[in-house]
Each structure stands twice: as C-alpha cells, then as structure tokens.
Amino acid sequence: MTADVYARTASNEGAPPASVAAPAAVDSPLALLQAVLENPTGLAHVRRYATDDFMYVSLNHANPELNRIMPWAGTPAGTEGLVQTFMDVFRFRSVVAFETQDRFENGDGAAIVGCFTYRSNVPGRTATSPLAILTRARGERLACARFVED
C-alpha cells in the first residue's frame, strides 16, 4: 500500500442509519451516562450517578507531553476528576453543538459516538471534533467512563 490510500475519502451516503437506542431502563448504563452529560460540571449531580471509586479516563491513561497542553488529559480518580475535567475544558472552550450519532447499550455498559463543535475562548476559532464516550456500570451507577476526542 502507498500513502495514496489517504487521498481518497469516503462518503456517509448510503451508510446504515445510526443506532439511536433508547435507554433500557431509568437506571441503565445509557440512562446514567445521559444523565451525567446533562450537567457534567455539577459535582453533587455527577455523584448521584457514579460509584464512590469511579474512574475517569480523558483522552489517554497517562501522557506528560499531552498534559502540558491539555491538563485534563489522564486518569483522575473519583467523580471530582470528571467534573474538574469538564470545568477546565469549558474554561478554554465553549460548546456550540453536541450531536449524538450512535448510542449503544448492553447489560453493564453504554457508548455514545458523535461529534461536537466548540469555540476556543482565546483565539475564538471554531472546530468540530468526533468523540466517543464509553462507560461501564456496576449496580445502578457508573464505575468508569472513557472520553476520547480528536
């Protein structure tokens, strides 16, 4: 193969439609994830939906170089890590749009795939980025969340 393979782009036309699964129950992993995303900067709010030993992975597990430009990247322990991450991100960026393209759920986990458009607060540039959020639940609370964006 050659680098030319990257010159071709695909189209979403004709692709299967997105999965827009509804949560299986009010306390299912997808319902919990959607509830957290309604107010990710509210510590009391997030604690209602997460276990005491909640783990949040933002972008990667550990990368000191990335932490220099994105201090929220990493694996903070507890719900405080998720809340502080969203507070820090919102300090640098404002969300213009958040689009869920696919939602999946199984017995102990859920995932949301989509994109969001944000505007940087300092230079004022707008960008759209794909994202994926994977969660795992234990009992009727989220135990782990992984957030990845481009």
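Q: How many strands does the open sheet have, and in what order do they lie?
A: Strands of a sheet pair through backbone hydrogen bonds, either parallel or antiparallel. In this predicted model, five strands form an open sheet in the order β1-β5-β4-β3-β2, and the pairing is mixed.

Q: Which strands are the edge strands?
A: Look for strands that pair on one side only. Here these are β1 (50-58) and β2 (93-106). From one strand to the next, the twist averages 20°.

Q: What elements make up the chain, and in what pattern?
A: The protein chain has four helices and five strands. Along the sequence the pattern reads α-α-β-α-α-β-β-β-β.

Q: In what sense do β3 and β4 pair, parallel or antiparallel?
A: Antiparallel, over 11 bridges. One partner pair to find on screen is Thr-117 with Thr-128 in β4. The hairpin of β3 and β4 has five residues between the strands. Within this hairpin, Gly-124 takes a positive phi near 75°.

Q: How many bridges join β4 and β5?
A: Eight, in the antiparallel sense, between strand β4 (residues 126-138) and strand β5 (residues 141-149). Arg-136 stands opposite Cys-144 in β5. Leu-134 stands opposite Arg-146 in β5.

Q: What does the turn between β4 and β5 look like?
A: This hairpin has two residues between its strands. Gly-139 sits in the turn, with a positive phi of about 70°.

Q: Which strands does helix α1 touch as it packs on the sheet?
A: Start from the contacts, then read the angle. Helix α1 (residues 29-38) touches β2, β3 (109-120), β4 and β5. The direction of α1 makes about 175° with that of β2.

Q: Where does helix α4 lie?
A: Helix α4 (residues 79-92) lies across β1, β2, β3 and β5. It runs at about 40° to β1.

Q: Why is α1 described as largely enclosed by the rest of the structure?
A: An α-helix has 3.6 residues a turn, so residues three or four places apart point the same way. For α1, the burial count settles the matter. Seven of its 10 residues are buried, so α1 is largely enclosed by the rest of the structure. The buried residues are Pro-29, Leu-30, Ala-31, Leu-32, Leu-33, Ala-35 and Val-36.

Q: What do the buried residues of α1 pack against?
A: They pack against α2 (43-47), α4, β2, β3, β4 and β5.

Q: How many cavities of 30 Å³ or more are there?
A: Rolling a probe the size of a water molecule over the atoms shows where empty space is left. Here the count comes to one cavity of 30 Å³ or more. The largest cavity has a volume of about 60 Å³.

Q: Which residues line the largest cavity?
A: The lining consists of Leu-33, Val-36, Leu-37, Tyr-56, Leu-82, Phe-86, Ile-133, Thr-135, Leu-142, Ala-145 and Phe-147. The elements giving two or more residues to this lining are α1, α4, β4 and β5. By class, the lining residues divide into 10 nonpolar, one polar and no charged.

Q: What do the totals for the chain say?
A: Buried residues make up 37% of the 150 residues in the protein chain. Among contacts with a separation of 6 or more, 50% come from residues 24 or more positions apart. The C-alpha trace spans about 50 × 40 × 30 Å along its principal axes.

How values were computed
Residues are numbered from 1 along each chain as its sequence is written. This is a predicted model: local features need pLDDT of at least 70, side-chain atom pairs count only at pLDDT 80 or more; totals for chains, interfaces and linings use all residues. Side-chain values use heavy atoms; hydrogens and water are left out. Two strands pair if DSSP finds at least two bridges between them. Axes are lines fitted to C-alpha atoms, for helices over the stretch in contact, and angles run from 0 to 180 degrees between N-to-C directions. Contact means heavy atoms within 4.5 Å. On a 1 Å grid over the protein atoms alone, a cavity is a set of points where a 1.4 Å probe fits but cannot get out, and a pocket is an open set with protein on both sides within 12 Å along at least five of seven lines; lining residues have an atom within 4 Å of a point. Grid points are joined across faces, edges and corners, and a volume is the space filled by probe spheres set on the points. Ala, Val, Leu, Ile, Met, Phe, Trp, Tyr, Cys and Pro count as nonpolar, Asp, Glu, Lys and Arg as charged, and the others, Gly among them, as polar. Buried means under 20% relative accessible area, exposed over 50%, partly exposed in between (1.4 Å probe, protein chains only).
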